[in-house]
Amino acid sequence: MLLRNGCFFEVTIIVGAPPFKKAAMASKSKTSKQNTTTNASLSSPATLTGAVHYSLKKISPRKTDNKSIHEWLESMKESSPPRSRRCLRSDTSATLEPETPDTQYKAWKARHPSALDNFDRIFEVADAKQIFVFLDYDGTLSPIVEDPERAFMSDEMRNVVKEVATFFVTAIITGRRREKVYEFVQLPELYYAGSHGMDIMGPLPQTSNGVKTYGTKTLDGTGNEVVLFQPANDITCIMDEVYRLLEEKARKISGARIEHNKFCVSVHFRCVKEENWLHLAEEVNSVIKSYPNLYATQGRKVLEIRPSILWNKGRALEFLIRTLGFANRNGVFPIYIGDDQTDEDAFKVVARRRHGLSILVSDSVKETHASHSLQDPNEVLKFLQHLVKWRKMSVRS
Ligand SMILES: O=P(O)(O)OC[C@H]1O[C@H](O[C@H]2O[C@H](CO)[C@@H](O)[C@H](O)[C@H]2O)[C@H](O)[C@@H](O)[C@@H]1O
């Protein structure tokens, strides 16, 4: 379909198909305890096996009327409630308990128990499985801050993620531009899926003959061969145009900020006075309503403008597991940790699988498909340290 400025937006793409079987694997199961190969050690060149068609369904464009603008705003507020308000508003709450913050929070914690407190029980079943670790970035590995350019992760967090990646296939799945999140994380041994999974890059895996995968073999910034998968790669010039238009609008609203995430664009509300939120949301709507193939999702004081394709963090998670050669559902144990609404797509995918662990990072009540919770990035750090310790102990035993 031809959109604007000569940009084509295809819903079916054709990609090259180098074998993409990851270190088989860093995550060792009980049956291969001696193998502690790291992701970084992947060096065998991939062999092209021919083109593969990968079909993407288009989702129907969402109406953006006044009602949906108000829903955006409500949803953004629920995503980032002030610390003082641990409970949901009564109109969105599913609980029948008295509406005090503490009882509601306790009831919520009972439904989404701490992944730290329940670690041993959770990991009893994971021990013999292929564990994959998927991590969101903002609000999960780094604390939420006002300036998105300064959302740094601590060295302690970087060190533990590095250690995690020596034992398990580890990927960052973020709404950010992939290059930007790499700047923050700086760990070449990980997979990176930017733009809510619409831009996946990973190190070339060790290959075994006949393993099929998707993506294009290419070189990264340092000249290493990598695999790249971009299901919406025809949308970039539209996103450039939308970014420019939104920048113009944002200039007139104090505190508003637009971030170009390559295959999507973020509109930041965090530093905008709440009385101006409606105005900013209306301006966003006035831009995107001319683009029927774009829609907005909501996050923590942010609107994310994205292409209307059926691709999200959940699809990215499935894609990585499948292309790494682990179609066998029972043998795989994905762990997904995230703090925001866009992570819900991944939580749903984990929930549909027989095994896995989904963790919402939140210190307040939020509706979620995650089975477990952690309060904040500090608890994420502790959980990852625990995971490493647990794996080291099981290697020894
Ligand atoms: O998928 P994520 O890694 O969680 O990325 C989602 C968005 O995160 C960033 O925005 C959020 O964090 C900022 C820095 O702490 C904060 O200022 C903002 O209010 C949050 O919404 C990022 O800037 C966005 O581009 C991402 O889409």
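Mentor: We shall discuss ring pairs and then the surroundings of the ligand. This is a predicted model, in which local features need pLDDT of at least 70 and side-chain atom pairs count only at pLDDT 80 or more, while totals for chains, interfaces and linings use all residues. Residues are numbered from 1 along each chain as its sequence is written, and side-chain values use heavy atoms, with hydrogens and water left out.

Trainee: How many aromatic pairs does a search of the whole structure find?

Mentor: Rings of Phe, Tyr and Trp (its six-membered ring) pair if their centres lie within 6.5 Å; planes under 30 degrees apart are stacked, over 60 edge-to-face, and the rest tilted. The search finds 17 such pairs. In one of them, the ring centres of phenylalanine 123 and phenylalanine 333 are 5.9 Å apart with planes at 50°, so the pair is tilted.

Trainee: Which parts does that pair tie together?

Mentor: Helices (H or I, at least four residues) and strands (E, at least two) are DSSP runs numbered from the N terminus. Phenylalanine 123 belongs to helix α3 (residues 119–126) and phenylalanine 333 to strand β13 (residues 332–338), so the pair joins parts 210 residues apart in sequence.

Trainee: Are phenylalanine 123 and phenylalanine 333 buried or exposed?

Mentor: Buried means under 20% relative accessible area, exposed over 50%, and partly exposed in between (1.4 Å probe, protein chains only). Both phenylalanine 123 and phenylalanine 333 are buried. Ring pairs also link these two with Phe119, Phe383 and Trp390 into a cluster.

Trainee: Which atom of arginine 300 lies 2.5 Å from an oxygen atom of the ligand?

Mentor: A polar contact here is a pair of N or O atoms within 3.5 Å. For arginine 300, a backbone N or O atom lies 2.5 Å from a ligand oxygen atom. Aspartate 136 instead places a polar side-chain atom 2.7 Å from an oxygen atom of the ligand, and serine 266 has one at 2.9 Å.

Definitions and conventions: A polar contact is a pair of N or O atoms within 3.5 Å; within protein, one must be able to donate a hydrogen and the other to accept it, and residues adjacent in sequence count only if both atoms are side-chain atoms.
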